[in-house]
2 protein chains.
Amino acid sequence: MHYPQSLQELINTFNSFPGVGPKTAQRLAFYLISLPGEEVEKMARAMVKAKKRLRYCSRCFSFTEEEQCNICSDTGRNSFTICVVQHPRDVLVMEKTGQFKGKYHVLHGALSPVEGVGPEELNIPRLLERIKNEGVKEVIIATNPNVEGDATASYLSRQIKPLGVRVTRIAFGLPVGGDLEYADELTLGRALEGRIELE
Amino acid sequence: MHYPQSLQELINTFNSFPGVGPKTAQRLAFYLISLPGEEVEKMARAMVKAKKRLRYCSRCFSFTEEEQCNICSDTGRNSFTICVVQHPRDVLVMEKTGQFKGKYHVLHGALSPVEGVGPEELNIPRLLERIKNEGVKEVIIATNPNVEGDATASYLSRQIKPLGVRVTRIAFGLPVGGDLEYADELTLGRALEGRIELE
């Protein structure tokens, strides 16, 4: 016995998503067919519409439906500071802090010689152009705290510093509300290195 | 800052699935828009197609694309034994044991006075009809090993026994409080072997 073809295809569709195993795919598929037909068509349309409308911002490479994203086209934000992130979703995470009023640049990945990801694959040449053309004074690097993120940060620093621009990286340390007891030694080591003077 | 509208709608779509939180929804949405356009349209079509084609088997209420499912229309299987399950996915789980050669009946739920689910909502009248019309000799109840499943089993037993039909329930080889969907084939096979007579 096997599932009807269309059901199996639906399960396979969900199963093709990252982090969705066979059981979850099955659960999602059964949920979907339990919905009213109009609801399913609405979902299908949302998928196709998002794929059709979304493109990369011509300036920062975040997702947008326009030529430029709403941050790049916001004249109220300063263009002297660029925050470099790996992924478009990181933009929203940074925005949630409410503390950054500059612009962004999305690399869409991190340097990884093993996987053949070099500076050209990461919109880095476009970042350097922006730094030169937009009068940037500081580049804040917010790549992930892992090997690839570290390598990308070092590379960017070597490229940007000679342009006479300040390059910083967001701090490593303990998560707020965390417990020293549960911090791993690497994080704690970094937190110690990056200690700041108390007034 | 917020996501472009079509992206937010896509995230909301995924977020509406059971067990898919905001972070996962976001991850799925970003994965989807990273795919080629044809791939996304293929997925959207798979959703709509599954919803349009799938219907309940007129006999056992499992999912099928035909009037009757491939188990009900399989003349090689005996019609004297009906295995009663709560959910269509449970049929496939039972089939994987390779130990059951009869037919199925899918209740699409379990009795739950609290949630207002009575015998009429569960295709139970249709099950009783089938027992009378199809010369059924044994009904194997494979509802979930929890309160609702137990109540459903007792109710079915009280309804079916007076018809002179043997009523059994698969054994508690299953972990109590668990869910049929997550049982492995071996445990389920044992449970099938060890089924006990209901009074």
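Two strands pair if DSSP finds at least two bridges between them. Helices (H or I, at least four residues) and strands (E, at least two) are DSSP runs, numbered from the N terminus. The views below show a predicted model, in which local features need pLDDT of at least 70, side-chain atom pairs count only at pLDDT 80 or more, and totals for chains, interfaces and linings use all residues. Residues are numbered from 1 along each chain as its sequence is written, chains are lettered from A and ligands numbered from 1 in the order in which they are written, and side-chain values use heavy atoms, with hydrogens and water left out.

**View 1. Strand 3 of chain A and its two partners.** Strand 3 (residues 81-85) of chain A is joined by 4 bridges to strand 4 (residues 103-106) of chain A, and the two run parallel. In strand 4 of chain A, A:Lys103 stands opposite A:Ile82. Another 4 bridges join strand 3 of chain A to strand 5 (residues 138-141) of chain A, also in parallel. There A:Ile82 stands opposite A:Val139. Strand 3 of chain A is mostly covered, with 5 of its 5 residues buried (under 20% relative accessible area, where exposed is over 50% and partly exposed lies in between, with a 1.4 Å probe and protein chains only). A:Thr81, A:Cys83 and A:Val85 point one way from the strand, while A:Ile82 and A:Val84 point the other way.

View 2. In chain A, 4 strands form an open sheet in the order 4-3-5-6, with parallel pairing. Its edge strands, strand 4 and strand 6 (166-169) of chain A, each pair on one side only. From one strand to the next, the twist averages 25°. Helix 4 (residues 88-96) of chain A packs on the sheet and touches strand 3 and strand 4 of chain A (contact means heavy atoms within 4.5 Å). The direction of helix 4 makes about 150° with that of strand 4 of chain A (axes are lines fitted to C-alpha atoms, for helices over the stretch in contact, and angles run from 0 to 180 degrees between N-to-C directions). Helix 5 of chain A also packs on the sheet, touching strand 3, strand 4 and strand 5 of chain A, and its direction makes about 155° with that of strand 4 of chain A.

**View 3. Helix 5 against helix 6 in chain A.** Helix 5 (residues 124-133) and helix 6 (residues 147-160) of chain A pack at an angle of about 40°, with their axes 11 Å apart. Helix 5 of chain A is therefore oblique to helix 6 of chain A (under 35 degrees counts as roughly parallel, over 145 as roughly antiparallel, 65 to 115 as roughly perpendicular and the rest as oblique). From helix 5, A:Ile124, A:Leu127, A:Leu128 and A:Ile131 meet A:Tyr155, A:Leu156, A:Gln159 and A:Ile160 of helix 6.

**View 4. A helix of chain A against a helix of chain B.** The axes of helix 3 (residues 37-53) of chain A and helix 2 (residues 22-34) of chain B come within 9 Å and cross at roughly 60°. The contact involves A:Met47, A:Ala50 and A:Lys51 on helix 3 of chain A, and B:Leu32, B:Ile33 and B:Ser34 on helix 2 of chain B.

**View 5. Strand 5 of chain B.** Strand 5 (residues 138-141) of chain B has B:Glu138 and B:Ile140 pointing one way and B:Val139 and B:Ile141 the other, and all are buried. Strand 5 of chain B is joined by 4 bridges to strand 6 (residues 166-169) of chain B, running parallel.
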